[in-house]
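The following questions and answers concern a single protein chain. Please examine the sequence and the structure before reading on.

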Amino acid sequence: MSFEKLGLIKPLLGAIKELGFEHPTVIQKRAIPLVLAKEDIFATAQTGTGKTAAFGLPLLQRLRNTTANEDRAIRAIIVSPTRELSIQIFEDMKDFSKHMSVECAVLVGGKDLESQQKLLKTGIDIIIATPGRLMEHVEKGLDLSKIEIFVLDEADRMLDMGFAKEIRKVHPLLPKRHQTLLFAATFSDKVRKLSKLLLTKPAFIETSKKNSTVDTINQIAYMVDADKKAALLAYLIGSRNYPQVLVFTRTKASADTLVLELRKDGLKCGIIHGDKTQANRQKTLNEFKEGKIKVLVATDIASRGLDIEELPYVINYELPSVPEDYVHRVGRTGRAGRDGEAISLLDVYEKFDIKDIERVIGMKIPKETVAGFEPDPTLRRADTDEVKLKNEHKKPEVKYHKRNMKSPSSNKRAEVIKKTDASKKTDTKKKTEPKRKIVTNKKTFSAKKSKTSK
Ligand code: AMP
């Protein structure tokens, strides 16, 4: 199957060729004809499967007949959860439309609202926006009455981030007859509910198994003590000569701490999280893409928007607090059919969290140790009652998010005790240490360089 056969026009075929796309991906084959036929669609597709072109190409074709500048109106909105993803979509749309006279603008927070308003007056056909910034423009009088196509990308993520209100507010402002394209990487009841509100007789496209990870990604977990994680990470990057690696932490604070530790090991690192300005995040991302930075440490907020070609390694320094985020994180590698490797570093607290992830992705992740970084077998979680935790994990009906909010597995992660006698379960509380701390053990690191388990 070729792009020509999908009915795309010459200016788009030219752009696709220049981008080096030879054959359409599965989602593109299925979505492009439906979008051209003006159908509403509800598509679940894995991250990195070519979703942007699946909606972007036919959308551009549908809007190709633009009027003169003075009568120009915004005819399509693409809403996505994060600034990075919106900017990425904007850049892709510019690439796709380079031989057309369709104009796109990106409206995200962190940029001046007034200059965006001025830009909109110059004759824009398509806006790509985050929900919050879109609402700000709507409140300032942005006219949505000429919208023909409304796209929600990563709708599940938008709902997880609490943007349901914004989407529900925008929807009634759109003209009665418009086409809606809803894309979600993962299934959820919330998404299904939203689809009922937004879509009219949608064509349903499911290109992947529920919440499955991309087949070409090799997934592995290394068991390691929390205080050795930074050293193990530096060791893996150094000894395996990883050229470019994206590292995920659970919190902004641990991202900050980790970067300091890795820099001490002489690694060139960048950091992206919610406290960084948009300009700073973009600069870091560009440096990473250009290879000026070898290691990019990010929190989940950044994980959706990153599209770095042929990114070979993703490392979960800490598992995400929501299992579905694991799918999004590892989706940064193995994009468009390429090979990738996703490594998770698991400490004693995460032994159980990984089971939630395995349940979501429907497969077991092999667990190994790296020679010299084997976990101390006498180390136990201080917060448990392990028996209770284990039983909890045996019950499939236990909902992970409830546990994540309330259970010892997430709330009492700060304590570790060293047990000399495994039978002394009763006095665990007395022996707790105050705080988990990341310590780089440089001696251990350099001494163990010669051997790994893999
Ligand atoms: P996306 O899922 O839209 O983020 O796309 C993931 C990556 O695949 C991007 O780097 C795209 O440029 C690339 N891509 C999209 N469609 C194709 C295709 N048909 N052939 C090769 N690469 C593609």
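**Burial and helices in the chain**

Q: Does Asp 256 count as buried, partly exposed or exposed?
A: A residue is buried if 20 or more other C-beta atoms, placed from the backbone, lie within 10 Å of its own, exposed if 12 or fewer, and partly exposed in between. Asp 256 has 14 C-beta neighbours inside 10 Å, so it counts as partly exposed.

Q: In which helix does Asp 256 lie?
A: This is a predicted model, in which local features need pLDDT of at least 70, side-chain atom pairs count only at pLDDT 80 or more, and totals for chains, interfaces and linings use all residues. Residues are numbered from 1 along each chain as its sequence is written. Helices (H or I, at least four residues) and strands (E, at least two) are DSSP runs, numbered from the N terminus. Asp 256 belongs to residues 252-264, which form helix H11.

Q: What is the C-alpha to C-alpha distance between Asp 256 and Ile 272?
A: In sequence, Asp 256 and Ile 272 are 16 residues apart. In space, their C-alpha atoms are separated by 9.5 Å.

Q: How far apart are the end C-alpha atoms of helix H3?
A: The expected span of a helix is 1.5 Å times one less than its number of residues. For the 12 residues of H3 (residues 51-62), the span should therefore be 16 Å. The distance in the model agrees with this, at 17 Å.

Q: How many of the 12 residues of H3 are buried?
A: The buried residues include Phe 55 and Leu 57. H3 is largely enclosed by the rest of the structure, because its buried residues number 11.
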